Amino acid sequence: LRYSVLDIIQAVVMHYYKAQPDAKKIPEFLERLINEGKLEKEYLDKFEEVNSLWKKIEHKEIEEATPEHLKRALELAEDILKRFKRLLPTSMSGEYE
């Protein structure tokens with residue numbers, strides 16, 4: 001789920017800024033989108049939550065991902081994907097939901 005989120009955000013960043021940030025740089029570009037009025041701040045918060053959850057699982061701070069962890073990550077990812085898809089030209093985003 002984290003990589004789905006990273007991919008759609010990178011697509012939007014590449015479209016607007018011709019840059020391909022790694023996960024560490026994405027918040028800077030989300031701030032730019034917010035400051036330019038293209039994105040709501042809640043999506044920066046949602047990205048940071050997904051990213052933090054993934055890191056905690058990867059680094060064993062969360063020893064076992066529960067269904068609740070996965071459900072929350074899925075909710076965040078779906079919301080981010082829907083919102084960022086609207087930032088792309090329709091010719092780039094395809095016809096699937």
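Axes here are lines fitted to C-alpha atoms, for helices over the stretch in contact, and angles between N-to-C directions run from 0 to 180 degrees. The legends below describe close-up views of a predicted model.

**View 1. Packing of helix α2 against helix α3.** Helix α2 covers residues 26–35 and helix α3 covers residues 42–58. The crossing of α2 past α3 is right-handed. From α2, the contact involves I26, P27, L30, E31 and I34; from α3, it involves Y43, L44, F47 and E48. Sorted by class, the residues of this contact are seven nonpolar and two charged, with no polar ones.

**View 2. Packing of helix α1 against helix α3.** Helix α1 runs over residues 2–17. The axes of α1 and α3 are 10 Å apart, at an angle of about 140 degrees. This angle makes α1 oblique to α3. The two helices cross in a left-handed sense. The contact of α1 with α3 is made up of seven nonpolar residues, one polar and one charged.

**View 3. The aromatic pair of Y3 and W54.** Four aromatic pairs are present in the structure, one of them formed by Y3 and W54. The ring centres are 6.1 Å apart and the planes are at 75 degrees, an edge-to-face arrangement. Y3 belongs to helix α1 and W54 to helix α3, so the pair links distant parts of the chain, 51 residues apart. W54 has a relative accessible area of 24% and is partly exposed.

View 4. Y16 and Y17 form a tilted aromatic pair, with 6.2 Å from centre to centre and 45 degrees between the planes. Is each of these residues buried or partly exposed? Y16 is partly exposed, at 31% relative accessibility. Y17 has a relative accessible area of 14%; residues under 20% count as buried, so Y17 is buried. Together with F29, Y16 and Y17 make up one aromatic cluster.

How values were computed:
Residues numbered from 1 in each chain as written. Predicted model: local features only at pLDDT ≥ 70, side-chain atom pairs only at ≥ 80, totals over all residues. Heavy atoms only, no water. Helix = DSSP H or I, 4+ residues; strand = E, 2+ residues; numbered from the N terminus. Left-handed = near helix turned anticlockwise from the far one by under 90°. Contact = heavy atoms within 4.5 Å. Nonpolar A, V, L, I, M, F, W, Y, C, P; charged D, E, K, R; others polar. Parallel < 35°, antiparallel > 145°, perpendicular 65-115°, else oblique. Phe/Tyr/Trp six-rings, centres within 6.5 Å; stacked < 30°, edge-to-face > 60°. Buried < 20%, exposed > 50% of the residue type's maximum accessible area, 1.4 Å probe, protein only.
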